[in-house]
Amino acid sequence: MKLIYLVVLILSSPVLFGQQVQFTNGNGRLILGTGMERTASISLGDVDGDGMLDAVVANGRHWPEQNRIFLNFAEGIFAVSYPLSLKSETSYATELGDLDGDGDLDVAVGNDKAPNTIMINDGSGSFIERGNFGKMVSNTRNLKLVDVDQDGDIDILVMNRGAENEICMNDGTGSFPETIGFGSNDDSTIDVEVYDINKDGHLDLVLANRDGQQNYIYLNDGNLKFNERIPFGTGNDETRSVEISDLNNDGIPDLITANIGEPNYIYFGDKELKFEKENIYDNSSKRTYTVTTSDLDLDGFTDIIVGNVGSPNVVFLNQNKGKKWNQIELDQSNASTYDMIIGDLNGDGRPDIVEANSEDVNRYYFNLKVKGKR
């Protein structure tokens, strides 16, 4: 069995420090199918109601391909797959959420230069198309499903590259008749995170912009107007992804960015909401397309996982409240990773890692318990 193994060391000492983590790709067998499609993202959720995490894969990007569902039948083995629909689409996102409030997970499909569609789950993991959301033709690059107006149903945030971003408001039935714009008409937004940054009870928006544009936090005034904004970053970053997490355990959220061709930064939060205190967690200047977080070694501190294009994907273990990082390459692949997802695939209580790779197989890695460690 192929194992990827890291012993965490104090940089100035050869002695063992605290935690060990160990990942396996099962000698290459832990993959979501054998097809090398243009995968842009993957979502995890229990679509068939059996208590295990299934995977919904968004394929195509600029070229029509079929989106796919992979069912998890036993301890992280995805033994059955089928198309999400009969159509081939230019999909960047297939996000899961209970859109019609019936207790099962539906799918919102975000497409490039084609209508975005709603797929309703019949409760068994089969899906029927029910209408569209947002502009009929846009440059959608990402979706976020969240109850933005906090009225009890799930809304859809649509990130458009080179166009105004959208909030599509759910009427409670899984239909989205109202759309609210945010940002500017020429934004190149690739990712968004949603969090109450200023702790006023309203959900704010944290944008990752490409094409040398300023990254912003848009503050919600309580009426879904986002006129006040807070910049972060240098002002001309090529930011592809952003994540929010409290890395230093001070009770204030921090911003983690994934940049193309420049270092990846942490912007530590403060009570003044300036996000000016920064730290480079990855000084490699690779083409990082995605970032996510999880406590992989279960030591109480949040770790960072990045997906790169043309170089191996990397785990950064948090060793000193976001000030020091020990890193491990997941494998030696130079795939084009567009998305990294975290979930407990085999039910052992430890977070596993899933890669969404364009024109390569989509891999996942079990996070193994090291003997003698928790």
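In which strand is the place of T293? T293 sits in strand β23, strands here being DSSP runs of E with at least two residues and helices runs of H or I with at least four, both numbered from the N terminus. The model is a predicted one, so local features need pLDDT of at least 70 and side-chain atom pairs count only at pLDDT 80 or more, while totals for chains, interfaces and linings use all residues. Residue numbers run from 1 along each chain as its sequence is written, and side-chain values use heavy atoms, with hydrogens and water left out.

On confidence, pLDDT is the predictor's score for each residue, from 0 to 100. The chain averages 91, and 94% of the residues score at least 70. Residues 1-18 are another matter, with pLDDT below 50. That stretch still has 47 contacts in the model beyond near neighbours in sequence, a contact being heavy atoms within 4.5 Å.

Back to T293. Its relative accessible area of 14% makes T293 buried, given that buried means under 20%, exposed over 50% and partly exposed in between (1.4 Å probe, protein chains only). Setting aside neighbours within four places in sequence, T293 is in contact with E243, S245, I256, T302, D303, I304, I305 and I342. Of these, I305 is 12 residues from T293 in sequence and 5.9 Å away in space, C-alpha to C-alpha.

Next come the empty spaces. Rolling a probe the size of a water molecule over the atoms shows where such space is left. The search uses a 1 Å grid over the protein atoms alone: a cavity is a set of points where a 1.4 Å probe fits but cannot get out, a pocket is an open set with protein on both sides within 12 Å along at least five of seven lines, and lining residues have an atom within 4 Å of a point. Points are joined across faces, edges and corners, and a volume is the space filled by probe spheres set on them.

The largest pocket comes out at about 610 Å³. Its lining takes in 30 residues, with E95, N142, K144, D339 and I341 nearest the centre. Strands β3 (39-45), β7 (91-97), β11 (140-146), β15 (189-195), β19 (239-245), β23 (288-294) and β27 (336-343) are the elements that give two or more residues to this lining. The top contributor is β27, with 6 residues. By type, the pocket lining splits into 15 nonpolar, 7 polar and 8 charged residues; Ala, Val, Leu, Ile, Met, Phe, Trp, Tyr, Cys and Pro count as nonpolar, Asp, Glu, Lys and Arg as charged, and the others, Gly among them, as polar.

S311, P312, N313, D331, S333, A335, T337, E355, N357 and R363 line the largest cavity. This lining divides into 2 nonpolar, 5 polar and 3 charged residues.

In soluble globular proteins, nonpolar side chains tend to be buried together. A nonpolar core is taken as a set of buried Ala, Val, Leu, Ile, Met, Phe, Trp, Tyr and Cys residues joined through side-chain atoms within 4.5 Å. The largest one here has 17 residues, and L157, I167, L205 and F226 have the most contacts inside it. At least two core residues come from each of β12 (155-160), β13 (165-169), β14 (178-182), β15, β16 (204-209) and β17 (215-219). Not counting residues up to four places away in sequence, F226 touches I167, F182, L203, L205, Y218, L219 and N220.

A few other residues deserve a look. F73, in strand β5 (68-74), is partly exposed at 43% relative accessible area.

E75 belongs to the loop between β5 and β6 (77-83) and has phi near 55 degrees, a positive value in a residue other than glycine. E75 is exposed, at 59% relative accessibility. K113, in the loop between β8 (106-111) and β9 (116-121), also has a positive phi, near 55 degrees, and K113 is exposed at 55%.

E89, in contrast, is a loop residue between β6 and β7 that is buried, at 7%. Its contacts include W63, P64, V109 and T117.
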